[in-house]
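Dear colleague,

Please find below the structure that I am handing over to you. My findings follow directly after it, and I would be grateful if you could read them with the structure open.

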Amino acid sequence: MYQVTFSDQSMSELNKLDKLSQLEIIESFGALTSEQLEGGLPEIGKIHRGSKVYYRLRTGDYRIYFELLEDTQTLHAHYILHQHTLADFVFRFKLPFKEETMFEQEDNFWRYLESLKK
């Protein structure tokens with residue numbers, strides 16, 4: 001069994017959710033075993049960004065991007081993102097993450113996209 005830690009972003013996202021959703025995410029993430037990570041489950045994927053390997057756990061409407069820290073036997077959640085969001089897409093396809101997520105949070109960005117429809 002692994003120790004589980006959360007980044008500031010992932011804790012912030014967890015705190016925005018209702019208690020039941022928080023428990024579902026923590027339960028599915030905290031119960032992962034080394035066999036599940038190695039053997040692969042349909043809910044778990046691997047993403048290589050630079051020299052790091054991130055795992056992506058799909059749980060409900062959320063995606064948890066985490067890293068396995070072998071030396072401390074820790075699963076460190078870097079990001080918790082809602083499925084089908086620009087931030088989730090950007091991370092999976094190795095685009096610059098910080099800049100893109102700022103756009104997603106800006107109302108002006110969404111207004112600009114809406115104006116393109118007209």
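Which residues does Phe29 touch, not counting residues up to four places away in sequence? With contact meaning heavy atoms within 4.5 Å, the residues are Val4, Thr5, Phe6, Leu57, Ile64, Phe66, Leu75, His76 and Ala77.

Before I continue, a note on the basis of these values. This is a predicted model, in which local features need pLDDT of at least 70 and side-chain atom pairs count only at pLDDT 80 or more, while totals for chains, interfaces and linings use all residues. Residues are numbered from 1 along each chain as its sequence is written, and side-chain values use heavy atoms, with hydrogens and water left out.

Overall architecture

The protein contains six helices and five strands; here helices (H or I, at least four residues) and strands (E, at least two) are DSSP runs, numbered from the N terminus. Their order along the sequence is β-α-α-α-β-β-β-β-α-α-α. Of the 118 residues in the protein, 37% are buried. In this message, buried means under 20% relative accessible area, exposed over 50%, and partly exposed in between (1.4 Å probe, protein chains only). The protein exposes about 7700 Å², of which carbon and sulfur atoms supply 54%; accessible areas come from the Shrake-Rupley method with a 1.4 Å probe, and for residues only the protein chains shown count as cover. Among contacts between residues at least 6 apart in sequence, 42% join residues at least 24 apart.

Phe29 belongs to helix 2 (residues 19-30). Phe29 counts as buried because its relative accessible area is 0%. Its C-alpha atom is separated by 9.5 Å from that of Arg58, 29 residues away along the chain.

Arg58 is found in strand 3 and is partly exposed, at 34% relative accessibility. Setting aside residues up to four places away in sequence, Arg58 touches Pro42, Glu43 and Arg63. Between the C-alpha atoms of Arg58 and Ile25, 33 residues apart along the chain, the separation is 9.3 Å.

Tyr55 also lies in strand 3 (residues 52-59). Its relative accessibility is 9%, so Tyr55 counts as buried. Leaving aside neighbours within four places in sequence, the contacts of Tyr55 are Leu37, Ile44, Gly45, Lys46, Ile64, Tyr65, Phe66 and Leu68. For Tyr55 and Gly45, which are 10 residues apart along the chain, the C-alpha atoms are separated by 5.6 Å.

Charged groups

How many salt bridges does a search of the whole structure find? The search finds two, a salt bridge being a side-chain nitrogen of Lys or Arg within 4 Å of a carboxyl oxygen of Asp or Glu.

One pairs Lys16 with Glu13, with the closest N and O atoms 3.1 Å apart. These two residues are three residues apart in helix 1 (residues 8-16), and are therefore separated by about one helical turn. Lys16 is exposed, at 60%, whereas Glu13 is partly exposed, at 21%.

Another pairs Lys52 with Glu67, where the closest N and O atoms are 3.9 Å apart. Because Lys52 lies in strand 3 and Glu67 in strand 4 (residues 62-69), the pair ties together parts that are 15 residues apart in sequence. Lys52 is partly exposed, at 35% relative accessibility, and Glu67 is buried, at 13%.

Glu35, Glu38, Glu70 and Asp71 form a negative surface patch. Patches are made of residues with over 30% relative accessible area and no salt bridge, with like charges joined within 9 Å and nonpolar side chains (Val, Leu, Ile, Met, Phe, Trp, Tyr) within 5 Å. Lys and Arg count as positive and Asp and Glu as negative, while His and the chain ends are not counted; the place of a charge is taken as NZ of Lys, CZ of Arg, CG of Asp or CD of Glu.

Two loop residues

Gln73 lies in the loop between strand 4 and strand 5. Although Gln73 is not a glycine, its phi is positive, at about 50°. Most residues other than glycine have a negative phi. Gln73 is partly exposed, at 38% relative accessibility.

Gln83 is found in the loop between strand 5 (74-82) and helix 4 (86-92). Its relative accessibility is 18%, so Gln83 counts as buried. The C-alpha atoms of Gln83 and Thr59, 24 residues apart along the chain, are separated by 9.4 Å.

With kind regards
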